[in-house]
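Visitor: I have just opened this structure and would like to learn how to read it. Could you walk me through it, one feature at a time?

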Amino acid sequence: MRALILALVLWPAGTALADVQKVVANLPEDVEFEAPAALQDMAEGPVWLDLTVAPPLDPSVQQEDGSWSGIVCDSHGEVSAKSVSVPTGSNHLLLDIRPGSPERHAANMVSCNYAPQYSDETSLGQVIRIKGCYFANSVSIPTAIQWILNPLPASDCNAGN
């Protein structure tokens, strides 16, 4: 960890940290109990994430006060979250995403998006979409890997280029 911090401190300003990975995935995957290949192939470093989570998977969010709950989509649009724990469909790949502050990480967003195929008498019909620029860190735990995605400014992922 010290080496990573030292490398980031010594890195010249304005220099790209590494090639930016584009991770685009839809959850749940077609194969039961398996995470999408895009998540399985993720490596440490800058990531441009575009993730869509559909029912029956239900991400959990940490509110600013530290409490955790499921995402409640009373309407469509942005959801405020300090952290999001995303079920990947696999018990062997865990995913936690920290969107960061809207002021510093404007490209990062968690939102409830309209999806009429999931509409019924109890639901508006929505999917959860998580997108933005992150730095992926992995933590190995017995029989699994946990990915923690920390916020980066959009410029670090060449967003808009």
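Guide: Let's begin with secondary structure. Helices (H or I, at least four residues) and strands (E, at least two) are DSSP runs, numbered from the N terminus. By that rule the protein has two helices and ten strands. Along the sequence, they follow the pattern α-β-α-β-β-β-β-β-β-β-β-β. Please keep in mind that this is a predicted model, where local features need pLDDT of at least 70, side-chain atom pairs count only at pLDDT 80 or more, and totals for chains, interfaces and linings use all residues. Residues are numbered from 1 along each chain as its sequence is written, and side-chain values use heavy atoms, with hydrogens and water left out.

Visitor: Thank you. What share of the 161 residues is buried?

Guide: First the term: buried means under 20% relative accessible area, exposed means over 50%, and partly exposed lies in between (1.4 Å probe, protein chains only). Here, buried residues make up 36% of the 161. As for the surface, accessible areas come from the Shrake-Rupley method with a 1.4 Å probe, and for residues only the protein chains shown count as cover. The protein's accessible surface comes to about 9400 Å², and 53% of that belongs to carbon and sulfur atoms.

Visitor: Which residues of the largest nonpolar core touch the most other members?

Guide: A nonpolar core is a set of buried Ala, Val, Leu, Ile, Met, Phe, Trp, Tyr and Cys residues joined through side-chain atoms within 4.5 Å. The largest one here has 28 residues, and Leu51 and Ile130 touch the most other members. Several strands each supply at least two residues of this core, among them E2 (45-53), E8 (109-114) and E9 (126-141).

Visitor: Which residues does leucine 51 touch?

Guide: A contact means heavy atoms within 4.5 Å. Setting aside residues up to four places away in sequence, leucine 51 touches Ala25, Leu27, Leu39, Val86, Leu95, Ile97, Ile128, Arg129 and Ile130. Across the whole protein, residues 24 or more positions apart account for 60% of the contacts with a separation of 6 or more.

Visitor: How many salt bridges does the structure hold?

Guide: Side chains of opposite charge can pair when their charged atoms come close. For counting, a salt bridge is a side-chain nitrogen of Lys or Arg within 4 Å of a carboxyl oxygen of Asp or Glu. The structure holds one: aspartate 50 and arginine 129 meet at 2.7 Å, N to O. Aspartate 50 lies in strand E2 and arginine 129 in strand E9, so the pair ties together parts that are 79 residues apart in sequence. Aspartate 50 counts as buried because its relative accessibility is 17%, while arginine 129, at 27%, counts as partly exposed.

Visitor: How do E3 and E6 run where they are joined?

Guide: Two strands pair if DSSP finds at least two bridges between them. E3 and E6 run antiparallel and are joined by three bridges. Glutamine 62, found in E3 (residues 60-62), stands opposite serine 83 in E6. At 17% relative accessibility, glutamine 62 counts as buried; its contacts beyond four places in sequence include Trp68 and Lys82.

Visitor: Where does E6 go next?

Guide: Three bridges also join E6 to E7, again running antiparallel, and valine 84 stands opposite isoleucine 97 in E7. E6 and E7 form a hairpin with six residues between them, and glycine 89 in the turn has a positive phi of about 95°.

Visitor: How many disulfides are there?

Guide: A disulfide is a covalent bond between the sulfur atoms of two cysteines. The rule used here is a pair of cysteine sulfur atoms within 2.5 Å, and the count comes to two. Cysteine 73 and cysteine 112 form one of them, with sulfur atoms 1.9 Å apart. The torsion about their S-S bond is about -70°, so this disulfide is left-handed. Cysteine 73 lies in the loop between E4 (68-70) and E5 (77-78) and cysteine 112 in E8, so the pair ties together parts 39 residues apart in sequence.

Visitor: And what joins cysteine 133 to cysteine 157?

Guide: A disulfide, with an S to S distance of 2.0 Å. It links cysteine 133 in strand E9 with cysteine 157 in the segment after E10, 24 residues apart. With 80° about the S-S bond, this link is right-handed, and both cysteine 133 and cysteine 157 are buried.
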